[in-house]
Amino acid sequence: KRSIAFTPQTIAQIGSLTKQFSATAILQLAEAGDVDIAAPIKNYIPEIASPVGEVTSHQLLTHSSGLPEYCGDDFERLSRDEFVRSCLSLPLLFEPGTDVAYSNVGYGAIAAIVEFVTLQPFESYLEEAVLRPNGLEATGHLFPKDSDAEFARGYLDGRDMGNIAGQIRALDNNWWNLEGNGGMQASTLDMHAWYKALNGDRALRHNVLAQLTTPHSPWVDGVAEGYGWYFRGDDNGRLRQMSHSGSDGVFFSYYGHRPDEGVFMYFVGNSGEEPTKNALREVPGILTSNFDKTL
């Protein structure tokens with residue numbers, strides 16, 4: 001191990017927290033009138049196969065599309081067009097809108113829609129329209145430089161597992177099993193800036209904010225799906241907490257916010273998912289008293 005301090009400026013993987021940024025990207029396009037999230041995605045993705053083409057962006061965002069969780073290994077070389085042809089032609093697990101099943105493939109489809117509508121690479125649009133306007137200067141998939149002092153490396157059972165940016169860069173834009181659903185990195189300071197953006201202190205439009213911070217599915221056992229979030233409610237269905245986690249088995253990140261209490265927590269570790277979860281559960285006076293322990 002390198003024995004370099006993990007500071008609020010250190011950039012580390014956020015895993016599936018990527019999804020909330022993808023959701024923001026398409027919601028901003030909807031706010032501008034460029035996308036209708038209630039319309040079939042075949043309106044935006046050329047040559048998409050049926051029945052996936054009839055799925056809506058809303059169903060992709062709420063994991064109710066019926067698309068499976070995975071389409072292959074995260075670092076399998078896969079272009080956007082190959083993703084559309086192969087991953088978006090997979091059999092659906094259920095009729096869209098009738099059930100919920102977590103789908104990374106669905107959020108890859110969100111990224112594809114953004115690219116086809118904006119005629120820009122997904123990362124470029126995300127940086128220009130979502131990240132930089134909201135004060136996130138150390139967040140993204142690709143970075144212009146890699147400094148050992150800036151980027152956390154992952155460790156698993158004492159083995160150095162490296163940093164995801166190099167693996168993504170080596171694929172030369174052909175990493176569509178991760179696009180839109182994972183692979184992003186961020187500093188803790190940037191995640192705090194994102195928290196402020198989600199609370200109206202930055203550049204997000206009111207309608208986009210409202211959709212990002214509202215449950216969009218019926219409550220089931222106190223949990224509802226949002227756009228890149230899980231929402232937890234009390235016995236009367238009133239919102240108590242919005243949260244999500246992300247992991248690749250090495251890095252683990254957790255974002256939690258209890259709006260009524262004004263409590264926010266971001267936690268990230270680079271030494272394995274389970275050890276980090278265990279450490280998170282032991283945070284005194286925060287998780288035990290204010291946050292659900294279900295991660």
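Buried means under 20% relative accessible area, exposed means over 50%, and partly exposed lies in between (1.4 Å probe, protein chains only). This is a predicted model, in which local features need pLDDT of at least 70 and side-chain atom pairs count only at pLDDT 80 or more, while totals for chains, interfaces and linings use all residues. Residues are numbered from 1 along each chain as its sequence is written, and side-chain values use heavy atoms, with hydrogens and water left out.

**Stop 1: the disulfide**

Select cysteine 71. Cysteine 71 is partly exposed, because its relative accessible area is 24%. A disulfide (a pair of cysteine sulfur atoms within 2.5 Å) joins cysteine 71 to cysteine 87, with 2.1 Å from S to S. The link is left-handed, with -90° about the S-S bond. Cysteine 71 sits in the loop between H2 and H3 and cysteine 87 in the loop between H3 and H4, so the pair, 16 residues apart, links distant parts of the chain. Helices (H or I, at least four residues) and strands (E, at least two) are DSSP runs, numbered from the N terminus. A search of the whole structure finds 1 disulfide.

**Stop 2: the largest nonpolar core**

A nonpolar core is a set of buried Ala, Val, Leu, Ile, Met, Phe, Trp, Tyr and Cys residues joined through side-chain atoms within 4.5 Å. Select Phe21, Ile45, Leu88, Trp194 and Tyr255, which touch the most other members among the 65 residues of the largest such core. Next, colour the elements that give two or more residues to this core, including helix H1 (18–31), helix H4 (104–118), helix H5 (122–131) and strand S10 (263–269). H4 gives the largest share, 9 residues.

Zoom in on isoleucine 45. Not counting residues up to four places away in sequence, isoleucine 45 touches Val84, Leu88, Ala109, Ala112, Ile113 and Phe116. Contact here means heavy atoms within 4.5 Å.

**Stop 3: H1 against H5**

On the H1 side, the contact residues are Phe21, Ser22, Thr24, Ala25, Gln28 and Leu29. H5 contributes Phe122, Tyr125, Leu126, Ala129, Val130 and Leu131.

**Stop 4: isoleucine 41**

Go to the loop between H1 and H2 and select isoleucine 41. Isoleucine 41 counts as buried because its relative accessibility is 0%. Leaving aside neighbours within four places in sequence, isoleucine 41 is in contact with Ile48, Val52, Gly53, Val55, Thr56, Ser57, Leu60 and Ile113.

**Stop 5: glutamine 59**

Move to helix H2 and select glutamine 59. With a relative accessible area of 14%, glutamine 59 is buried. Beyond four places in sequence, glutamine 59 touches Ser64, Ser65, Pro96 and Gly97.

**Stop 6: serine 271**

Finish in the loop between S10 and helix H9 (273–281), where serine 271 is found. Serine 271 is partly exposed, with a relative accessible area of 35%. Not counting residues up to four places away in sequence, serine 271 touches Tyr155, Val250 and Thr276. To see a separation, select alanine 203 as well: serine 271 and alanine 203 are 68 residues apart in sequence and 34 Å apart in space, C-alpha to C-alpha.
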